[in-house]
Amino acid sequence: MPNREPALDLLLLPTWLVPVEPAGVVLKDHGLGIRDGRIAFIGPRSEALRRQAGEVRELPGMLLSPGLINAHGHAAMTLFRGLADDLPLMTWLENHIWPAEAKWVDEAFVHDGTDLAIAEQIKGGITCFCDMYFFPKVASERVHNSGIRAQIAIPVLDFPIPGAHDAAEAIRQGVELFSDLKHHPRIRITFGPHAPYTVGDENLEKVRMIAEELDASIHMHVHETAFEVQQSLERHGERPLARLSRLGLLGPRFQAVHMTQISDEDLALLVETNTSVVHCPESNLKLASGFCPVERLWQAGVNVAVGTDGAASNNDLDLLGETRTAALLAKAVAGSATALDAHRALRMATLNGARAMGLDDEVGSLELGKAADLVAFDLSGLAQQPIYDPVSQLIYATGRDCVTHLWVAGKQLLDNKRLSRMDERQLGETARDWARRISGHVQ
């Protein structure tokens with residue numbers, strides 16, 4: 001009998017296929033088929049070759065996985081990369097970054113910086129990222145044009161910021177943008193109160209009410225440093241997480257970024273409320289902010305995702321490298337070589353990120369019906385040989401330079417390491433022009 005299944009748009013034939021869900025599975029010599037931007041077939045190579053497809057791509061020596069998900073960052077800050085290195089968090093913020101933002105950040109800055117960040121992330125295997133920065137409408141436009149997927153968190157602070165005179169204006173802009181983009185297939189709008197020390201109870205309650213009304217997520221820096229926790233105890237008589245719990249912000253839609261300081265009471269709150277944590281190990285290491293106890297959280301049942309933070313404090317948007325750091329650091333913090341093994345690390349960088357953003361029904365794993373957000377890693381190089389467990393080689397022996405192909409919703413954004421929709425040469429020229437302008441005014 002002839003095969004009556006509808007033809008696939010694209011059939012990919014990698015050496016290894018890692019679906020992430022079910023956990024720990026590696027499929028060798030399997031194919032993945034895409035139709036209408038979604039995963040329509042996963043099966044053995046022999047079966048795959050019997051399927052009709054508009055295009056067949058052989059990917060020898062390559063591992064195909066869900067696209068990486070960068071669950072926290074400040075995209076346009078790529079233009080501040082290396083501007084104020086080797087400083088503690090509050091000195092870095094108050095004496096360098098906030099003054100530079102006040103002077104330089106406008107719509108053009110966000111336009112160019114976000115484009116640079118998107119290109120870097122696509123070339124590094126990232127198909128979805130969270131952006132928490134100023135002029136979110138501009139960032140949304142750049143995401144739309146690029147083809148990548150993103151969560152845009154509307155920044156809310158108690159004082160004026162670029163693009164918003166006060167928190168009320170920022171929230172109002174966020175509500176408008178949410179309404180404009182609520183049906184966008186690749187963009188999700190959330191609310192991003194900056195941190196417990198920059199947003200008071202009144203504005204936090206406003207954010208909570210708006211988020212509840214819209215069924216939107218809340219994305220926030222929380223417990224980034226010991227100083228933040230101590231300051232909260234002095235000002236409010238409670239730890240920041242307890243304060244957020246009292247105000248009703250915690251829950252499955254809340255994304256707590258950093259969480260380097262976690263007491264038994266904090267852990268209980270995270271578990272009880274089903275709050276997600278976004279781990280940013282390299283930024284925390286560089287700013288000496290502390291260590292998120294990832295294995296302890298994982299064993300307690302907390303969903304832990306991973307993010308790069310902004311390029312001004314990392315200094316790259318390399319989520320594969322970030323995940324390797326996370327895996328190594330988790331072992332040292334837990335005092336156990338079995339903490340955060342390679343397969344769980346990859347899950348943290350894919351499905352856990354999707355779950356934190358409320359996108360796990362759509363992306364984060366290779367399952368039938370999900371959006372075809374995929375990345376291919378070339379494991380054929382000498383540095384990856386020999387291969388016993390391809391996921392271990394991916395996490396511990398592979399860099400983002402091994403990313404060769406990337407698709408979002410079935411659309412190819414990277415082909416043989418070349419950007420399909422963006423002009424790499426022009427991006428570099430624009431970034432260098434910003435550097436010339438900014439460096440002339442750096443003290």
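I take helices and strands as DSSP runs, numbered from the N terminus. With that settled, I looked up Asp-309 in this predicted model and found it in the loop between β13 (304-306) and α12 (319-334).

**Entry 1: the annotated residues.** I went to the UniProt record, an unreviewed entry, which lists His-72, His-74, His-221 and Asp-309 under "binding site". I then checked how they sit in space: they are spread over 238 residues of sequence, yet they cluster, with a largest C-alpha distance of 11.9 Å. I also noted that His-74 and Asp-309 are among the residues lining the second largest cavity.

**Entry 2: Asp-309.** Is Asp-309 buried or exposed? I count Asp-309 as buried, because its relative accessible area is 4% and the cut-off is under 20%. Leaving aside neighbours within four places in sequence, I listed its contacts as His-72, Gly-73, His-74, His-258, Cys-280, Ser-283 and Leu-317. Its side chain is joined to that of His-74 by a polar contact of 3.1 Å.

**Entry 3: His-74.** I placed His-74 in the loop between β6 (68-70) and α2 (89-104). His-74 is also buried, at 11% relative accessibility. Its contacts, not counting residues up to four places away in sequence, include His-221 and Asp-309 from the UniProt list, and also Asp-131, Met-132, Tyr-133 and Gly-310. The side chain of His-74 makes a polar contact with the side chain of His-72, at 3.3 Å.

**Entry 4: two cis peptide bonds.** I found a cis bond from Glu-21 to Pro-22, with omega near 5°. Pro-22 is in the loop between β1 and β2 (27-28). Another cis bond runs from Asn-314 to Asn-315, with omega near 25°. Asn-315 is in the loop between β13 and α12, where I had already placed Asp-309.

**Entry 5: positive phi.** Asp-86 is not a glycine, but its phi is positive, about 65°. I found Asp-86 in the loop between β6 and α2, which also holds His-74. Asp-86 is exposed, because its relative accessible area is 68% and exposed means over 50%. Asn-274 also has a positive phi, near 60°. Asn-274 lies in the loop between α9 (264-273) and β12 (276-279) and is partly exposed, at 47% relative accessibility.

**Entry 6: helix α15.** Which residues of α15 (390-397) are buried? I noted Pro-390, Val-391, Gln-393, Leu-394 and Ile-395. Their cover includes β1 (10-17), β5 (56-66), α12, α13 (342-348) and β14 (374-378). At the start of α15, a side-chain oxygen of Asp-389 comes within 2.9 Å of the backbone nitrogen of Val-391.

How values were computed
Residues are numbered from 1 along each chain as its sequence is written. This is a predicted model: local features need pLDDT of at least 70, side-chain atom pairs count only at pLDDT 80 or more; totals for chains, interfaces and linings use all residues. Side-chain values use heavy atoms; hydrogens and water are left out. UniProt positions are given in the numbering used here, feature names are shortened, and annotations may be inferred rather than shown by experiment. On a 1 Å grid over the protein atoms alone, a cavity is a set of points where a 1.4 Å probe fits but cannot get out, and a pocket is an open set with protein on both sides within 12 Å along at least five of seven lines; lining residues have an atom within 4 Å of a point. Helices (H or I, at least four residues) and strands (E, at least two) are DSSP runs, numbered from the N terminus. Buried means under 20% relative accessible area, exposed over 50%, partly exposed in between (1.4 Å probe, protein chains only). Contact means heavy atoms within 4.5 Å. A polar contact is a pair of N or O atoms within 3.5 Å; within protein, one must be able to donate a hydrogen and the other to accept it, and residues adjacent in sequence count only if both atoms are side-chain atoms.
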